[in-house]
Amino acid sequence: MAEETGLILAAKAGDQEALMQLLDARQEKLYKTAFLCVHDPQDALDIVQDTSLQAFLSIHRLRQPQYFDTWLIRILINVSRHYYRRPLPPLPAPEQMLDAHRQVDLHEDLMQALAKVPAKYRVVLILFYFNELEANEIAAVLRVPTGTVKSRLNRGRKWLREKGGMQHEA
């Protein structure tokens with residue numbers, strides 16, 4: 001942890017190699033999050049690339065090093081917002097998803113159901129279940145009150161049960 005804090009402080013001071021190490025360590029998590037948001041491997045890669053570029057351009061604005069991951073996820077969400085406004089592409093066949101999406105380890109029915117969840121609920125579900133962020137951390141990423149995050153989580157779960165065909169809670 002101390003080593004990572006040192007890398008974050010070095011990156012903030014302008015050490016590009018330190019920032020590269022931090023981003024490299026998070027590439028898979030960023031890709032999975034982006035893919036779960038847009039359901040397209042190329043768009044997900046573009047989002048990760050744009051997120052990395054934005055991180056390089058704005059690392060000096062990071063105020064608290066302990067919130068580096070939250071800051072980075074916030075950038076990813078902001079970069080991917082315009083993708084939410086587009087219709088989602090159809091999901092590829094399950095065997096293609098395993099190869100093309102770096103083994104995103106999800107059941108086909110969950111992927112299909114998640115693709116149909118309204119974007120404001122989907123992003124909260126992804127951050128909570130796949131990035132394992134707490135409600136207050138999600139609130140910081142999305143810049144909304146914690147109560148809003150909790151209600152979106154509940155509504156997203158309810159949507160999955162009722163309209164997404166999921167028998168068990170996500």
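## Exercises on aromatic pairs and backbone angles

Helix α2 (residues 16-38) holds both Tyr31 and Phe35, which stand 4 residues apart, about one turn of the helix. The model used in these exercises is predicted.

**Exercise 1.** Determine how many aromatic pairs the model contains, and classify the pair formed by Tyr31 and Phe35.

*Solution.* Begin with the general idea that a pair of aromatic rings is described by the distance of the centres and the angle of the planes. Rings count as a pair if their centres lie within 6.5 Å, and planes under 30 degrees apart count as stacked. By this rule the count comes to 3 aromatic pairs. One of them is formed by Tyr31 and Phe35, whose rings lie 6.3 Å apart, centre to centre, with 10° between the planes, and this pair is stacked.

**Exercise 2.** Decide whether Thr70 is buried or exposed, and list its contacts beyond the neighbours within four places in sequence.

*Solution.* Thr70 is part of helix α4. Buried means under 20% relative accessible area, and because Thr70 has a relative accessibility of 9%, this residue counts as buried. Once the neighbours within four places in sequence are set aside, Thr70 is in contact with Glu137, Ala140 and Val141.

**Exercise 3.** Describe the phi angles of His39 and Glu132, and say whether each residue is buried or exposed.

*Solution.* Recall that most residues other than glycine have a negative phi. His39, a residue other than glycine, has a positive phi near 60°, and it is placed in the loop between α2 and α3 (41-58). With 1% relative accessibility, His39 counts as buried. Turning to Glu132, phi is again positive in a residue other than glycine, with a value near 55°. Glu132 sits in the loop between α7 (119-130) and α8 (135-142). The relative accessible area of Glu132 is 66%, so this residue is exposed.

Key
Residues are numbered from 1 along each chain as its sequence is written. This is a predicted model: local features need pLDDT of at least 70, side-chain atom pairs count only at pLDDT 80 or more; totals for chains, interfaces and linings use all residues. Side-chain values use heavy atoms; hydrogens and water are left out. Rings of Phe, Tyr and Trp (its six-membered ring) pair if their centres lie within 6.5 Å; planes under 30 degrees apart count as stacked, over 60 as edge-to-face and the rest as tilted. Helices (H or I, at least four residues) and strands (E, at least two) are DSSP runs, numbered from the N terminus. Buried means under 20% relative accessible area, exposed over 50%, partly exposed in between (1.4 Å probe, protein chains only). Contact means heavy atoms within 4.5 Å.
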